[in-house]
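I am opening a notebook on this structure and will write down what I look up, one topic at a time. The sequence and the structure come next, and my entries follow them.

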There are 2 protein chains.
Amino acid sequence: MKVAGSARIVVDGLQYSRWNRESILQWHEGGLTCVHVTTVIWEHAREALSRLGTWNRLFAEHADLIRPVRDAEDIRSAAQEGRVGVILGFQNASPFEDDIDLVEIFHSLGVRIVQLTYNNQNFIGSSCYEPHDGGLSRFGRLVVRQMNRVGMLIDLSHVGDRTSLETIAESSRPVSITHANPRSFFEHPRNKPNDVLLRVAESGGVIGVAPYPRLTPPGTTLAKWSQMVLQLAELVGIDHVSIGTDFSEGWSDADLDAIRMGRWTREKDYGAAITPEDRGWAKWPSWFRTPAEFPQLVIGLKEVAFSDSDIAKIIGGNWVRLYGQTFRPSPLVPPSAGDGRRPRSTS
Amino acid sequence: MKVAGSARIVVDGLQYSRWNRESILQWHEGGLTCVHVTTVIWEHAREALSRLGTWNRLFAEHADLIRPVRDAEDIRSAAQEGRVGVILGFQNASPFEDDIDLVEIFHSLGVRIVQLTYNNQNFIGSSCYEPHDGGLSRFGRLVVRQMNRVGMLIDLSHVGDRTSLETIAESSRPVSITHANPRSFFEHPRNKPNDVLLRVAESGGVIGVAPYPRLTPPGTTLAKWSQMVLQLAELVGIDHVSIGTDFSEGWSDADLDAIRMGRWTREKDYGAAITPEDRGWAKWPSWFRTPAEFPQLVIGLKEVAFSDSDIAKIIGGNWVRLYGQTFRPSPLVPPSAGDGRRPRSTS
């Protein structure tokens, strides 16, 4: 089932599954042209190499179904080839360790989107779950500049509000929230207050809203979720709203513990779960059980009266524009950008 | 001083210095178009990332003088730009650790030449200094195939004779000896017996002969060294002889210990030094004190009556041909090359 004509570009702004051929076939069934996949949650540099190695195997083994995406042009190529383009990303800057050189190294390995922090404070800044967010660190400022320079999109989804605002102020390129909702829609540390949403949009960036059930009020219907998308578009502008489902599958319960607890704690941590009943794997809503049901989201958007051209932006166009603005090295940000701020650039 | 017309391509098949702007300027003075540089001796994967990061810095800081070389075309571009092309290489497969996926990872990072072993046995095979060379290991066979597939030139310079012969038999692409001399010229474990030299040539490969004083008889003159080159060309054919100086500078005495002893011994090891008098830094001959004196080697080759076209092959043409045959992924070696031997290919 295709969302629309074969020319339509459909992008999922973030997924984190244990992928195999079956889950890749779900992408095709859902009419997806491109998916940003999480390859790292807590891993350091050496471990990240193996995660990327696993993706090299997937690309070789399923070359009939998927292809790597290193710039926005590759997404158009994927559409023409009838394959799904895959953007490699990190949900934590942990593979950079404390080494500024590793930003360029991982860009060379194809990584194009990096969330500055996962659930914990790191060398760069604080997450949305830290009791106190001290903002962007000294090293963090340099990482932002280096990501700007080499062509890596900054993701603020799990990042704390203060670190997010300081990152946007520091960045000379547009930034993203690949998978979160407005806090006004559902009060949760992982969702975003209006000032962060507005600053991301002002940077030229994009917010990927999520059907992920922990980031929506209990019992959210497709109509209610679509209404939230409409309100967000009214707040930040239609050019700055897209979708990042945060879809996840194929993991065991032990994997769930590892995703939440990494090496950092021997006490139970429940990540985004708020209530005790909510501590296991999230149950996905009836209107989005797998990426094969991406077309349902389009139906929901149609019913809140988005125009076809608005829907094209939300389901892929905005992401492709942003990727085109951020995935290539910038001639405006020289390697010796020592004194900091550069003019904001969108190319 | 240029060796000849600006169209002439001059390649040094291996150097291992602690480079800075001054040593890069020596390359220009010597008329070099391209240098294969060693970035790793004992380093594991994570450490290798930092060595490559250092090269990314050098490329950025000295972009007026050098450029990276990822395929043979880049060498022609370097010549046109008046810059020296730099090929990144490892003198040890240690960064692959025991992980076959890391071959492709390091190819993606620009590494194009890897010596299977440095001075010690590793997961792949044995070095020329091991008391017993057990040949290519199970993992070694897979590394050879994977290097064939991804487009990485195999270097046998420090590799033991049996491991070398088994590697050549396994490889579907030509292989190299980037920096060694015939053992018939000077009896030394690092120099090569005729059967290895002949098999390398039969693979379509290239042998880079070295003015490095530990690999030549004491007091070797330029005339005597050039005579050796002539005899080697008569043995293996003019298309299979080039130069790899093994030039090294800028290191401290502590660095010399680290180059020889890595982490593997607390007892003194003297690498290629045979006599106690020879244990410090080698004194380079009067006719090749630095890469700025590369034109001296050409004078020596002229005096043993090599033709101009032969000299063009020796000083660069053969390397460029071999790089063109080995640096790109091979369509003839599929990723699932499970059953081993593939037809030998030169492209």
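This is a predicted model: local features need pLDDT of at least 70, side-chain atom pairs count only at pLDDT 80 or more; totals for chains, interfaces and linings use all residues.

**Entry 1, a glycine after a helix.** I began at B:Gly151, which follows α5(B) and has a positive phi, near 100 degrees. Helices here (H or I, at least four residues) and strands (E, at least two) are DSSP runs, numbered from the N terminus.

Residues are numbered from 1 along each chain as its sequence is written, chains are lettered from A and ligands numbered from 1 in the order in which they are written, and side-chain values use heavy atoms, with hydrogens and water left out.

I looked up its span: the 13 residues, 138–150, reach 19 Å from the first C-alpha to the last, close to the 18 Å expected at 1.5 Å a residue, where the expected span is 1.5 Å times one less than the number of residues. At the N-terminal end I found B:Ser137 as a cap, with a side-chain oxygen 3.4 Å from the backbone nitrogen of B:Phe139; a polar contact is a pair of N or O atoms within 3.5 Å, and within protein one must be able to donate a hydrogen and the other to accept it, while residues adjacent in sequence count only if both atoms are side-chain atoms.

I then asked how much of α5(B) is buried. The count is 10 of the 13 residues, so the helix is largely enclosed by the rest of the structure; buried means under 20% relative accessible area, exposed over 50%, and partly exposed in between (1.4 Å probe, protein chains only). The cover over these buried residues includes α4 (101–108), β5 (111–115), β6 (153–155) and α6 (161–170) of chain B.

One of the buried residues is B:Arg145, with a relative accessible area of 15%. I also noted that B:Arg145 and B:Glu170 stand 25 residues apart in sequence but 7.5 Å apart in space, C-alpha to C-alpha.

B:Gln115 lies in β5 of chain B and counts as buried, at 0% relative accessibility. I followed its side chain to the backbone oxygen of B:Thr117 at 3.1 Å and to the backbone nitrogen of B:His158 at 3.3 Å.

Just after α3(A), A:Gly82 takes a positive phi of about 70 degrees.

I looked up how the copies are related: a rotation of 180 degrees with 0.0 Å of shift along its axis superposes chain A on chain B, with an RMSD of 0.0 Å, by least squares on the C-alpha atoms of residues with pLDDT of at least 70 in both. That is the relation of a two-fold axis. In chain A, the C-alpha nearest the axis belongs to A:Arg46, 2.8 Å from it.

Technical notes. Contact means heavy atoms within 4.5 Å.
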